[in-house]
Amino acid sequence: MRFFREAAHGARTAAVAVTSYVRGAPGTYLWLAALFVTTVAMHGMSPEFEDEFLRQRSTNIHELSRNPVRVLISSAFWIDGSGWLPYAVLYSVFHASAERWLGTWRWLAVAALSHVLATLISEGVLALAVRHGAAPQSAVNTLDVGVSYALAGAVAVLTYLVPTPWRYAYLLAVVAVYGTPLITGRTFTDLGHFTSVLIGLACYPLTRSAVRTPPWQVRRCPPP
């Protein structure tokens, strides 16, 4: 009987921990829920329809020149060519940690700035490349949807939560993960990701008044 009581207590503790963690990051999990719905909807589309559908919600040069606000918002609710589950893990590790630490509005500011500014900068560089013949004219309609720029910004801003001296190792890892593709691949998305990291690091003023309690700390059930 004691084994079953301890197992039940462990299950209750785990349920409380998960519930507490999710409730501490409402923006993250509402966003994830929206991504789940759109991912399911996308799986019901034919490949041809899906490509055209996503292209109309893409932050490429053509759509940004016509409907910048609409595509900047809509592109953040679709995942191109990836499953939902990996993003659920990444959001829970990075976005949820940042939101629980900074609070919803400051976390949202970091995510929005990273998504919007990195998109505009990377697409602006691509537009210059097209204009000067360094990229094909077809690049103006490149498919560019997704949430990775906002995620990179959240990953970067968490640098300020990590205590020293581990902070420097974390920062080095972040720069390596996002900087290496920029050197080896040199695509506009590589530039966008690295720009997002710089934007996340530039959001240091938003972190100064944040409580430095570990964001993963949750309430526990009393023992049986």
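**Close-up views of a predicted model**

View 1. The structure shown is a predicted model. In an unreviewed UniProt entry, the annotation "transmembrane region" covers residues 168-188, and the other stretches it covers are 28-46, 67-87, 107-130 and 142-162.

**View 2. The packing of helix α6 with helix α8.** Helix α6 spans residues 84-102 and helix α8 spans residues 148-157; their axes are 9 Å apart and form an angle of about 60°. The two helices, α6 and α8, are therefore oblique to each other. Their crossing is left-handed. On the α6 side, the contact is made by Leu-90, Phe-94, His-95, Ala-98, Trp-101 and Leu-102, while α8 contributes Ala-150, Leu-151, Ala-154, Val-155 and Val-157. Of the residues in this contact, 10 are nonpolar, 1 is polar and none is charged.

**View 3. The crossing of helix α2 and helix α7.** Helix α2 (residues 26-43) and helix α7 (residues 104-131) cross at roughly 50°, and their axes come within 9 Å. Helices α2 and α7 are therefore oblique to each other. Pro-26, Gly-27, Thr-28 and Trp-31 of α2 meet Thr-104, Trp-107 and Ala-111 of α7. The contact of α2 with α7 comprises 4 nonpolar residues, 3 polar residues and no charged residues.

Terms used:
Residues numbered from 1 in each chain as written. Predicted model: local features only at pLDDT ≥ 70, side-chain atom pairs only at ≥ 80, totals over all residues. Heavy atoms only, no water. UniProt positions renumbered as here; feature names shortened; annotations may be inferred. Axes fitted to C-alpha atoms, helices over the stretch in contact; angles between N-to-C directions. Helix = DSSP H or I, 4+ residues; strand = E, 2+ residues; numbered from the N terminus. Parallel < 35°, antiparallel > 145°, perpendicular 65-115°, else oblique. Left-handed = near helix turned anticlockwise from the far one by under 90°. Contact = heavy atoms within 4.5 Å. Nonpolar A, V, L, I, M, F, W, Y, C, P; charged D, E, K, R; others polar.
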